[in-house]
Amino acid sequence: MHGSLKIFTAFTLSALLAACSGGSSGGKSTDTPQADTGTNTGSDTGTNGGSNDTGEYTFNPDSPLATLVVGTSEYAEGTLKLENTDSKSPTFQAATIEGQYGHFKLYDSGNWEYQLNTTTNSLNNGQSVEDIITIQLTNGDQHSVTLAIQTIAATESSIVFILMNFSDAEVTDDLSISQLANMTFNDTDSLDNTYKENSLGQLKFQRHLSNDQALAQYCYGEAENENSSIDCFVYSIPDNQNGGVLSIGNAQNRAASSNDGQYSDGGYTWRDNATNWIENNFRDSNNRPVDLSNWRHRVYIFPKTANNAGLVGTGVASVRGSWSIITADSDQLIMGHELGHNIGLSHAGNDDNNDGDTNDRGESEYGAGGAFMGNSWESRLFGSAHREYMGWYDSFPGYATTVEQSFNTTSEVEIQAVELTAGELSGSQPQLLKVQSNGSSNGEDYYYVEYHIAHKILNPRSHHANMVTIHYLSGGTANQVATLEAPGDSFTDTAAGVTMEFKSRNSDKSSATISVNYTNQ
């Protein structure tokens, strides 16, 4: 069914379990209808055309229409289309529209051109913005189209979701297709936004590997609503003993009594079986067998009931690999955390006694509050240590500064909040403060000092708001050693002969001043 979530059994493609536009199997809708889908359902009193013509149409443009990069690709063109039309439907109306960042020219054929203007020269390094253009049809209907503008070319990582269903528990019982689309692409603190802003515009997600909407992988939460769409496949786990689809109860019983590892290996066998089934039964846009490795990220999602039954864990992923297994959840922390492993990051822990590990009482390899690679609810931040590990500051040296170890010296540095995005940063102050600490108690050579604020994208739960945190980097692991809650608080590493003090904060500038004092060891 075009414009719907296509669900097939793992036994044969001829046995269609369900096809629905609500993002769940069995024909039931789990999504809340949204206001404007670009479809005109009003009546038309014109007399032209057949007696059954209504003047209805569907307008479902790509979003964004195009992505432009300042200084590199400043011009784009394409064609808009009205679909499901009849003789009374409106057509495009030629117009030249001045957007905030460029000139948009629309022809009555639907062809369009867009050229960036000089306003883009004022954008910060790493900043990403959108230009929303309003067009008008010949009947007066107005619609918006979006152009994306970047100051640095971003790596767009494709992502596909494989929904792993049981007979008595489906992923969409917990998380609809529209919710998945929202948390990945549409929400203010979506994975796309959080990864883009953490990386200073250098990493984001790609909604579809192919724009061919007829492909089975092209899933809609709401029919023909592009914003509700993602790439996905649905796999019903076969019961190889009783036939049909496996139930949670049978899987749980066999995990306790059977030697068959598929019931006790945390979902790995089911992951592999799903991969094989998809690649053997679906075709890509070139009419070749689907190859899941064409997607940078493959996310296998299990229903919560499978986790509650002990069949799968909360989340696991390959470091610098492409796959992850997660439990369906309404917060994107789990998915964002496991995708962080895919790009090469290890955990963000708390090392309260600063001895180089997170094994002591009260410590955890996940214990850094507010960090994506920790486990605090609604965490969205890759801290400055992880950002440097990924090389995200390399293109923007002005956003980082280092205090070098020099005994009997004191330095003061004003740093901007680590949650500020590239578009919010002032170019005159650093965001990353590295403090050299040769001979430190934890065995590493630098501390990473961060100031935090509440932020709608990178800190929606206000972790450590208006406080300073101090971390060190060990391989791909970023461990937190101190939280300075108010001006006057300090942290000392006697082994390195260094003290870092939270001197003051400036709320208007979202900044804090840090004093770094080296003593003679």
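**Exercise 1.** Which residues do ring pairs link into a cluster?

Solution. The model is predicted. In it, the cluster joined by ring pairs consists of Tyr195, Phe205, Phe372, Phe382 and Trp392. The count of aromatic pairs comes to 20.

**Exercise 2.** Classify the pair of Phe166 and Phe302, and state where its two residues sit in the chain.

Solution. Step one is the distance: the ring centres of Phe166 and Phe302 are 6.4 Å apart, and rings pair if their centres lie within 6.5 Å. Step two is the angle: the planes make 45°. Stacked needs under 30 degrees and edge-to-face over 60, so the remaining class is tilted. The pair of Phe166 and Phe302 is therefore tilted. Step three is the location: Phe166 belongs to the loop between β12 (155–165) and α1 (177–186), while Phe302 is in strand β16 (residues 297–302). The two are 136 residues apart, and the pair links distant parts of the chain.

**Exercise 3.** Are Phe166 and Phe302 buried or exposed?

Solution. Buried means under 20% relative accessible area. Phe166 has 2%, so Phe166 is buried. Phe302 has 0% and is buried as well.

**Exercise 4.** Classify the pair of Trp277 and Phe282.

Solution. The centres lie 5.5 Å apart and the planes are at 85°. An angle over 60 degrees counts as edge-to-face, and this pair is edge-to-face. Trp277 is buried at 8% relative accessibility, and Phe282 is buried with a relative accessible area of 8%.

**Exercise 5.** Which ring does the charged end of Lys434 sit over?

Solution. The charged end of Lys434 is over the ring of Tyr446, 4.1 Å from its centre. Arg271 lies over the face of Trp323, 4.5 Å from the ring centre.

Methods: Residues numbered from 1 in each chain as written. Predicted model: local features only at pLDDT ≥ 70, side-chain atom pairs only at ≥ 80, totals over all residues. Heavy atoms only, no water. Phe/Tyr/Trp six-rings, centres within 6.5 Å; stacked < 30°, edge-to-face > 60°. Helix = DSSP H or I, 4+ residues; strand = E, 2+ residues; numbered from the N terminus. Buried < 20%, exposed > 50% of the residue type's maximum accessible area, 1.4 Å probe, protein only. Lys NZ or Arg CZ within 6 Å of the ring centre and 35° of its normal.
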